[in-house]
Amino acid sequence: MSQALRKTTGYRPPAANCRFIISAARPEQFPDGAAGVELPEIAFLGRSNVGKSSLLNALAGAGKCKLAFVSARPGCTQFINFYRIGDDFTFADLPGYGFAKVPLEKKREWKRLIETYLLHREPLRLCVLLLDARRGWMDQDLDLKRWLEVQGRPYIVVATKMDKLKTQQEELKGIEAIRAQYPEGELLPFSALTGRGAREIWQAIWKTKRQQ
Ligand code: GDP
């Protein structure tokens with residue numbers, strides 16, 4: 001990408017070195033900033049199977065990171081995985097929710113971990129809330145959205161798997177359904193299959209850096 005375009009769009013892929021930091025099961029395990037410098041943190045949230053790992057891989061791939069974000073077995077992981085993305089960001093991959101077969105106690109654990117993270121995580125700058133474009137908002141997504149709004153956590157919405165909406169009319173319907181519950185905020189369509197939207201999502205992430 002040319003310097004001029006970078007300037008106008010604010011888009012810049014991350015540095016090539018990305019690395020896994022830790023899988024945190026408890027808040028005490030959340031990572032501190034290295035050498036006193038806390039990178040802005042971006043959290044990724046969504047139902048299991050929404051396409052979160054695929055999105056993370058697409059974003060990392062855009063910066064040629066050699067890091068595979070692995071999809072958790074549905075409902076089995078109650079960890080927050082932290083990754084350092086170059087010298088620019090920390091990504092926090094939060095456990096997917098909404099898997100019906102998870103026992104109630106596990107669901108409670110999940111809620112506790114996520115809420116503690118979202119309430120107290122100081123370097124957190126932006127939450128990326130993923131919705132399957134075909135399904136739109138489901139109850140737990142709406143609960144999370146309201147929760148983010150009450151806590152004043154900035155978030156954007158990414159509509160995943162856009163390639164599965166085959167016609168323009170289907171696309172419009174999918175996006176309108178999401179818009180109905182989210183009239184004003186940033187809504188970015190994304191497909192891991194085609195790469196559509198990765199650049200715009202990076203732009204939204206880079207904006208947080210400029211707001212520091
Ligand atoms: P996660 O559980 O949220 O991490 O979801 P994954 O990234 O593992 O994706 C779940 C399933 O959806 C996998 O079978 C992926 O191949 C598929 N998937 C993810 N993103 C896309 C997409 O943009 N387009 C299509 N067609 N399939 C996708």
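Predicted model: local features only at pLDDT ≥ 70, side-chain atom pairs only at ≥ 80, totals over all residues.
1. Helix 3 covers residues 104–120 and helix 4 covers residues 139–151. The two pack with their axes 10 Å apart, at an angle of about 30°. Because angles under 35 degrees count as roughly parallel, helix 3 ends up roughly parallel to helix 4. As for handedness, the crossing of helix 3 past helix 4 is right-handed.

2. Now over to the ligand. Which residues come nearest to the ligand? Those are K52, S53, S54, D163 and A192, out of 14 residues around the ligand. Sorted by class, the shell has seven polar residues, four charged ones and three nonpolar ones.

3. K52 takes part through its backbone instead: one of its backbone N or O atoms sits 2.8 Å from a ligand oxygen. K161 brings in its side chain, where an N or O atom is 3.1 Å from an oxygen atom of the ligand.

4. How much of the ligand's accessible area does the protein cover? On its own, the ligand has 570 Å² of accessible area, and the protein covers 74% of that.

Technical notes
Residues numbered from 1 in each chain as written. Heavy atoms only, no water. Near = heavy atom within 4 Å. Polar contact = N/O pair within 3.5 Å; in protein donor to acceptor, adjacent residues only side chain to side chain. Areas by Shrake-Rupley, 256 points an atom, 1.4 Å probe, with all protein chains shown as cover. Nonpolar A, V, L, I, M, F, W, Y, C, P; charged D, E, K, R; others polar. Axes fitted to C-alpha atoms, helices over the stretch in contact; angles between N-to-C directions. Helix = DSSP H or I, 4+ residues; strand = E, 2+ residues; numbered from the N terminus. Parallel < 35°, antiparallel > 145°, perpendicular 65-115°, else oblique. Left-handed = near helix turned anticlockwise from the far one by under 90°.
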